[in-house]
Amino acid sequence: MSLENVSSNKVFGGWHKQYRHQSETLNCEMRFAIFLPPQVQQGKTVPVLYWLSGLTCTDENFMQKAGAQRLAAELGIAIVAPDTSPRGEGVADDPEQKYDLGLGAGFYVNATQAPWKDHYHMYDYVVEELPNIIEANFPVTTNKAISGHSMGGHGALMIGLRNPECYTSISAFSPISNPTQCPWGQKAMQAYLGADKSAWIVYDASLLMKDAAYHIPALVDQGLDDEFLDKELKPETLEAAAKASDFPLELRQHPGYDHSYYFIASFIEDHLRFHAQYLK
């Protein structure tokens with residue numbers, strides 16, 4: 001595996017770096033960002049928090065806007081942020097150029113339908129290929145947690161619930177909690193997975209949590225002034241699922257907060273401290 005370093009910036013004694021690589025899973029060139037805390041310069045290996053971003057985002061949004069590096073440096077946690085979809089020449093996109101399908105909108109599923117199936121395997125990329133790359137090339141342990149926002153919150157919850165042996169903890173901001181029952185999720189799943197809705201179930205966090213037999217700690221924050229709250233996000237379905245399976249979910253709802261990175265920046269330290277309890 002050949003990694004090309006795109007950029008390096010020192011921050012809070014650690015390093016924020018971007019890399020490009022050829023992805024075998026996605027059949028295209030991909031970019032990811034990694035924050036390496038100062039402890040790695042002291043010869044230590046550190047655990048990793050994987051961050052999955054939302055619609056229209058890249059690896060840059062969280063790293064530039066969330067303000068997570070200061071506390072991650074203190075706690076000794078690396079942060080890895082992949083892109084949100086495959087990109088490049090020959091990669092399929094929505095012909096109507098809508099923001100909620102195609103480039104920037106991979107939805108963290110493995111597409112089975114043309115033209116998406118040639119590249120859109122973000123589930124396998126996040127679960128298998130990217131962690132293998134990180135663990136082979138950087139001074140990290142195999143301890144990892146997962147978090148995300150909006151579409152990435154859906155991805156973090158769904159991936160953590162499907163792979164509880166791989167992650168110490170899960171968290172999300174404003175997640176698409178029940179994608180089989182909301183317009184964003186239905187559009188993406190119809191396109192990527194086809195009309196058979198039985199294929200959608202394994203990508204729905206509320207359905208997965210309702211039947212979860214293996215429990216790992218989960219934290220979700222939701223702003224109550226979020227413009228997408230009722231139509232797209234549906235946190236009440238996640239709350240009901242947790243009650244049905246006695247899943248250890250802490251759902252916090254915050255008056256006045258919206259869907260933006262101002263909300264994420266306000267509570268990201270709580271999420272880092274939450275994950276640090278289990279990563280160590």
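Reader: Where is Lys-234 placed, between which two helices?
Author: Lys-234 is in the loop between α7 (229–233) and α8 (235–245), where helices are DSSP runs of H or I with at least four residues and strands are runs of E with at least two, numbered from the N terminus. The model is a predicted one, in which local features need pLDDT of at least 70 and side-chain atom pairs count only at pLDDT 80 or more, while totals for chains, interfaces and linings use all residues. Residues are numbered from 1 along each chain as its sequence is written, and side-chain values use heavy atoms, with hydrogens and water left out.

Reader: Is Lys-234 buried or exposed?
Author: Lys-234 is buried, because its relative accessible area is 18% and buried means under 20%, exposed over 50% and partly exposed in between, with a 1.4 Å probe and protein chains only.

Reader: And what is phi of Lys-234?
Author: Phi of Lys-234 is near 55 degrees, a positive value in a residue other than glycine. Most residues other than glycine have a negative phi. Asp-246 also has a positive phi, of about 55 degrees, and sits in the loop between α8 and β9 (249–254), but Asp-246 counts as exposed at 65% relative accessibility.

Reader: Switching topic, which peptide bond is cis?
Author: The bond from Ala-114 to Pro-115 is cis, with omega near 0 degrees, and Pro-115 lies in the loop between β5 and α3.

Reader: Ser-85 next: where is Ser-85 placed, and what lies 2.7 Å from its side chain?
Author: Ser-85 belongs to the loop between β5 (78–82) and α3 (122–137), and is buried with a relative accessible area of 0%. A polar atom of the Ser-85 side chain lies 2.7 Å from the backbone nitrogen of Gly-104, a polar contact being a pair of N or O atoms within 3.5 Å, where within protein one must be able to donate a hydrogen and the other to accept it, and residues adjacent in sequence count only if both atoms are side-chain atoms.

Reader: What about His-154, which backbone oxygen does its side chain reach?
Author: The side chain of His-154, a residue of helix α4, reaches the backbone oxygen of Tyr-203 at 3.4 Å, and His-154 counts as buried at 0% relative accessibility.

Reader: Which residues of α3 meet α4?
Author: Tyr-123, Val-126 and Val-127 in α3 meet Met-158, Ile-159 and Arg-162 in α4, with contact meaning heavy atoms within 4.5 Å.
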